[in-house]
There are 2 protein chains.
Amino acid sequence: MEAPVKDVDNLDLNSDSEDVVNPWNVTSASEKGVDYDKLIKRFGSCRIDSDLISRFEQITGKKVHHLLRRGVFFSHRDLDFILNVYEQKKPFYLYTGRGPSSEALHVGHLIPFIFTKWLQDVFDVPLVIQLTDDEKFLWKDLKLEEANNLSFINAKDIIACGFDPNKTFIFSNLNFIGQCPEFYRNIVRIQKCVTFNQVKGIFGFGDSDVIGKIAFPAVQAAPALSSSFPFIFGQTSNVPCLIPCAIDQDPYFRMTRDVVPRLNYHKPALVHATFIPSLQGASTKMSASDSNSAIFLTDTPKQIKNKVNKHAFSGGQPTIEEHRSKGGDCSVDVSYQYLKFFLEDDEKLESIGKQYASGELLTGELKKILIETLQPIISEHQMRRSKITDEDVRLFMTPRALNFKFN
Amino acid sequence: MEAPVKDVDNLDLNSDSEDVVNPWNVTSASEKGVDYDKLIKRFGSCRIDSDLISRFEQITGKKVHHLLRRGVFFSHRDLDFILNVYEQKKPFYLYTGRGPSSEALHVGHLIPFIFTKWLQDVFDVPLVIQLTDDEKFLWKDLKLEEANNLSFINAKDIIACGFDPNKTFIFSNLNFIGQCPEFYRNIVRIQKCVTFNQVKGIFGFGDSDVIGKIAFPAVQAAPALSSSFPFIFGQTSNVPCLIPCAIDQDPYFRMTRDVVPRLNYHKPALVHATFIPSLQGASTKMSASDSNSAIFLTDTPKQIKNKVNKHAFSGGQPTIEEHRSKGGDCSVDVSYQYLKFFLEDDEKLESIGKQYASGELLTGELKKILIETLQPIISEHQMRRSKITDEDVRLFMTPRALNFKFN
């Protein structure tokens, strides 16, 4: 148990590339954003290719979600294993999460939850959602009570994505670790398998980092062990797990996948999303700490309109004449990129892309389509969220059996 | 909150002296054992002098325990503050603990508990006892379930020292952290205030140590905050705390004392004990992992007799004639040293010392006195322990209000 983790995953995330991708920082020197092909190589994950998508559709009998077929979820680890598990009618579960660093979520935060909700509907499996308020307390200039309170506020937005309380357990670390000895025990088991050298290599921690940060990766790893939730899966369970997340979270789960076989658990499978660009362009991701970079879930229709018109980076030409003759560049146009995330209709998206590239569609017109796509999505979210009560949140966050039987 | 701890406590424990004293290792090159005067200087604690003992007796109206008047508890931090608190009829509490590394406790393990029991009787204050089964799991080649189980086995020996369940809460980390969010929250608060550099300096951790070890010192620190036990002291309490422990545990509490003022808590006060020597002599302490070095609480009267006669290092002379003329050396004689711990009668101890030093008392006779002192102590402990039921252990280990009112 005390042997060190192999150093195969000990990659310097920031070397050999101008892209910086880690749980605390995502930036690219290129206006097209992160080079995801290079990232797949660096991280050692696998591209989600058309064969895997076909197999997904064949096994589930359903057309895959637009976020999958358009390559927003573009990379994976062992997704084929999970599809086999499902094909054999064996159980698995979904695990995702969020670091509650601010009250206001932006539309980018919704992406993993929208996709996770779809996965849960397709596979009909339990879902656990970790709110890492302890992480935010450790990393940010926040009081513990503030970080904990943000968990509950963010939980309402997550619940508003339409999750079913009979199938979904949401937990805040600062609450749940004190409610479930099995969870803490798995954290300590993982902490016995990982050295400082390893977290230094994986996360770039240094000697002047506080010990809470150094210990934290085990807290994000532990929900990948089904026995961390004895009330759902049973105390001795080893139910496989699929983690949908943005690719910046992969370092946590590379570590997890290295450790858990030594504890006799399945390695968690992963599907990785690209980042949603900031309004200013793909070289940075949308960030809640820069309000001009993001469309928030609390924005009014007017705010959405103004932000898109004012800030959304355009791939169009400087003059109408030039645009008509040369056409726009969809690959850097933020409005077009956002439509890939939020406009479900494939044909419409394709035709918009063609029209914009040909110069037929002007930037102002493209922005209008985005505005009219986002406004109802956000209004509907706000309406659903307004109906979520504190009692609903308490229900989702109470450790309890879900409507699934294991064994 | 994120500013680093000052490095004033960042002492290399093993420098400038042949004595090694840290939580995992105690050895001395001298046959007289650890030089405690030097240790007090190195650790920056205070000698418990006759003035402080007089003040103790004056304030409590009681003669101090023989372990205190004979200098077994020899060093302190802020004991005078605790005496002032008591004098002002303000509340405080006691905190001590044990690392459950083996089933069998030896007589040395009893010392802090015997003294703590006496302190509790004198002051009539709540007591919390931490069983660091997570620490033992992290440091030893033990399964988590084994370490956790040792907690319960060791708790019986602790309870057999006569603690009152109305005034005493015993907890295993592997259980309690999963039962009390406030405890975990204090652990994380402490972990935010301590850097890897600091635990490196204080405990000698290195890059190849597992992150569980690096994080652990905060777990031993947290019970020094009364709010870790909301069911006893209330959620927002700041009740001062006195920690009786062997001096090898001081590094944990130097760290704690450095951190907790930043969290707006009182620094814990400490009283430090010397180590009980091994049967082979004072250069090592009694160890449960070397059965010939220790008198176990499970030893039969015959085993005690044999061990003392066979192994107890003698300060006597090679021949009876020489002994009669030169006398024995009490300062290195293990039997005499043990009598200082276990023979309550001061006059008898003094007269034995004089007789042995003069050569009047032979080593065999001295050993017989020790044997006859230890046998009833251990038999009585065994009798009390045999009556402790699993139900008793559960009661002591259930988080609950004690018979004290705060505020």
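Visitor: Which residue of chain B does Arg189(A) form a salt bridge with?
Guide: A salt bridge here is a side-chain nitrogen of Lys or Arg within 4 Å of a carboxyl oxygen of Asp or Glu. In this predicted model, local features need pLDDT of at least 70, side-chain atom pairs count only at pLDDT 80 or more, and totals for chains, interfaces and linings use all residues, while side-chain values use heavy atoms, with hydrogens and water left out. Residues are numbered from 1 along each chain as its sequence is written, and chains are lettered from A and ligands numbered from 1 in the order in which they are written. For Arg189(A), the closest N and O atoms are 2.5 Å apart, and the partner is Glu145(B).

Visitor: How many residue pairs are in polar contact between chain B and chain A?
Guide: A polar contact is a pair of N or O atoms within 3.5 Å; within protein, one must be able to donate a hydrogen and the other to accept it, and residues adjacent in sequence count only if both atoms are side-chain atoms. Salt bridges between chain B and chain A come to 4. With both residues at pLDDT 80 or more, the polar-contact count is 32 residue pairs.

Visitor: Which helix gives the most to the side of chain B that touches chain A?
Guide: Helices (H or I, at least four residues) and strands (E, at least two) are DSSP runs, numbered from the N terminus. Several helices of chain B each supply at least two residues to that side, among them α7 (144-159) and α10 (196-203). The one giving the most, with 6 residues, is α9(B).

Visitor: How much area do chain B and chain A bury between them?
Guide: Contact means heavy atoms within 4.5 Å, and on that basis 42 residues from chain B and 42 residues from chain A take part. Buried area is the accessible area (1.4 Å probe) that two parts lose on being put together, summed over both. Carbon and sulfur atoms hold 60% of the total, which is about 3,500 Å².

Visitor: How are the two copies related?
Guide: Superposing copies by least squares uses the C-alpha atoms of residues with pLDDT of at least 70 in both. Chain B lands on chain A with a rotation of 180° and 0.0 Å of shift along its axis, at RMSD 0.0 Å. The copies are therefore related as by a two-fold rotation axis.

Visitor: Which residue of chain B comes closest to the rotation axis?
Guide: The copies meet through the same surface, because 100% of the interface residues of chain B are also interface residues in chain A. Going by C-alpha, the closest residue of chain B sits 2.1 Å from the axis: Gly178(B).
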